[in-house]
Amino acid sequence: MRSNGVSDYASRYKKQPGKSSNLQSGTKSFSFKNLFSFASKSNENQYKSKNLHHKASSIARNKKIDKINVKDGYETSLSSAQNKTSRFIINFLKFVWLVLSAPFIITGKWLYSLLYKHISREFIFKSVICTLFIVVIFRFAQLQVMTSQDTLQSTSLESVSSQQIIEAKRGQIFINNYEKGKDNISLTSTSPTFNIWFSPLDLKNQIDPTKNIITLEQVAEKLSGSLNIGYDNLYQILKNETNKSSADIKKYVVLKKYVSPELKKSVEYLRKPPQNDLGIKENFVVPFATWLGIENVDMRTYPENYLLANTLGYVPKYYINKAELKETKSQCLDLAIENERRGTSLNQFTIGLYGLEQKYCKELGGLNGKKVYNRDKGLAKEQENKVINGYDIHLTIDINLQKKAEDVLQNAMKKNTSKLGPPSNGSVTIMEAKTGKIVAMASNPTFDPNDPSNLNIDTFSSPLRNVSSGLDYEVGSVMKPLTVAAALNEYRLGNKDSNGNRIGVPTDWKGGNYSKIGKPYPERDDIKYIKNADGYEYKEPQSLSNILRDSINTGIADLVPTISNKVLQGYLTDKYRFGQETAIKLPGDTTGNLISLKEKENLNCDICYANYGFGQGFQISPVQLLRAYTTLANNGKIIEPYLVSKITDENGTIIDDGTQEKSILKRAAPAQVLDEQTAHDVTQYLVNTAEQGYHGFSEYGIKIDGYYVAAKTGTSQIGNKAKYTGDCPGQNWIDCNTAKGLYEHTYVGYGPSTNPEYIIVIKLSEPQPGSGTKNFAVTTLTESFKDIMEYTLNYMKSPKDKK
């Protein structure tokens, strides 16, 4: 917080100790009240020194008087015109006083003569004393009230009014340790540091040679030692800033940022040293405080460094002004506006950038307080706006699961690095299947929020991006279980098409018997094909379980027409909520890219919807994929994922936990999307996929001691320019990326399968770049998925379902 004391200090140095009092011209109009009081209580020719000094000061504030010199306790010189005017006014007022007093004197004498015979002198004496006492008390009370009012309103030299803005403490962000039952592990802290600044304009006034107060050399000499800055460097800074023209000179320049409390003390010593200690001018305190300031900078730090960085965001080590704040379009703007409304704005604002620090900037920031002090003749009155410290944000994240997820992701990135480089990005996200709590959210590339200064946010894959919730991509074959579930569900519900025919498929349905060429789709004058990965051909129709296990594209292409394009579109956009934001809603989060899926003309494009059925042609985020998979893992109900469990004040009182009427943490209620049996059927198909492995190859399977797990891989082509694509003359991006071995890889699964508790999604973009067409998710992510799923189930002590 910037110091507010400069103007107060400046007023202290207008009068130099040891010199005659020189009272400059006032601005208020002439006051008869002051002058009458002055004349009635003092003899015209004899004034004691103290009384004269006080009354002269009072008159000087209320009338334009060039100079009053006080010497040896008596008035020695006034201009002749002023003397004549003063005598005339005093004599005139005495005459008025006598005229006005005469009736009261005559009446008093008459009453005395009337009552003298009936009232004793003792009674009269006591009555007079009591009356005088009452008058004195009344007058004292009146003066008290008038003085208090003057204290609030007066701007005279006798009255000093100042205010102090008290900066609110920023709230903290907490995560959990489920293993130890703790929910107060802080990922943030606030360290007090200070910026040392100066006002070039005020310093220029102090080093004015005509004032003979201080030189720039003396300033640089004293200040360089206190700030630990070289003399030459500091002198040049001071000189350059103070030599600027009136139009260009700045009001505020920071000399040194983030100094320690120890260094701050040496600067405070300069601002208010013992008298004569600096030895620059005898009997004069050097006015460093009139131009040198200290502002408090509560620097946000992150004790766990990289942990959860992409979700947290960060707080920069600088303030911005309101104009800059408006440009950011940040949630912090609401906080600035409210502080201005309360009159507690510092005209400089702390902001949060990215992640939770930005999303909950208003809640974390709190509201500044203000104290207004007023002084007049020793009496004080105080007004106050109480500071409201920032609220604390409590996340659903578990520290151990988060660390494990980040380790697994880092290892996967390293393992899938080729001579061209590492994967472009990746994420690991873990969610409670029944509640929607996100217990881990890892992204790569990442950064240290303690030192974000070297980040290049314009790179192809920004380290500030939260890949889990803020990156769209085509998820590929992990969409197939959801398409199968839609077809089974429609059949089980007995739904029919416009011709009265039952739609969907039963559990014993088979399809996908096509050659290596694939399934043909006539389009205008051309024929396009849906092919299977790596050219596999199936001479016989395949079961739903095998279609998922072996990821048979032609099987899904056969399945989609059984429910129609329009019904599949409804499942994807409405029931599975693709294209809708999640309850996480971090800055930069995506809602997906479903433009082609929602175009009406594409409803007649069968090859388009065949592609949509196995996860190509539209884009979603890993978190949206997690949400859709809750329909399979949670008995057909879709559960909304969320990251913040509650918001509390500094005393731990719950401010918001999602249950309040105007809660900012509200999320959509669970909704029954699939029939329970449909969810169980598809889950069993995915257990077979994990246990048997791709095409029955056990090395591609997922077997975890004590647990059955349902899982599916996805390998998708990239339809936009990729990191390692380069120039591809005459080719579209899909063909170019495929030729260069660039794909999106996903592994999703949940367990224990009989009563699922956790869903996990691992995503890698462009793993093993340039390694060729045999680059599949089952080869790049199986080991990583098994590692994180096994750790999660054991760490959370999930009940075993496998003997």
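**Notebook: aromatic pairs and the core**

I searched the whole structure and found 16 aromatic pairs (ring centres of Phe, Tyr or Trp, the last by its six-membered ring, within 6.5 Å; planes under 30 degrees apart are stacked, over 60 edge-to-face, the rest tilted). This is a predicted model, where local features need pLDDT of at least 70, side-chain atom pairs count only at pLDDT 80 or more, and totals for chains, interfaces and linings use all residues. Residues are numbered from 1 along each chain as its sequence is written, and side-chain values use heavy atoms, leaving out hydrogens and water.

I looked up Phe198 and Trp291: the pair is edge-to-face, 6.4 Å centre to centre, with 90° between the planes. Phe198 sits in strand E6 and Trp291 in the loop between helix H9 and strand E8, 93 residues apart (helices, H or I, are DSSP runs of at least four residues, strands, E, of at least two, numbered from the N terminus). Both Phe198 and Trp291 are buried (under 20% relative accessible area; exposed is over 50%, partly exposed in between; 1.4 Å probe, protein chains only).

I then turned to the rings of Tyr571, Tyr576, Phe578, Tyr609, Tyr612 and Phe618, which ring pairs link into a cluster.

Of its 100 residues, Leu395, Tyr576, Phe578 and Tyr629 touch the most other members. Helix H23 (residues 622–633) gives the most to this core, seven residues.

Beyond four places in sequence, I noted that Phe578 is in contact (heavy atoms within 4.5 Å) with residues including Met479, Leu594, Phe618 and Ala628.

Notes: Core = buried A, V, L, I, M, F, W, Y, C linked by side-chain atoms within 4.5 Å.
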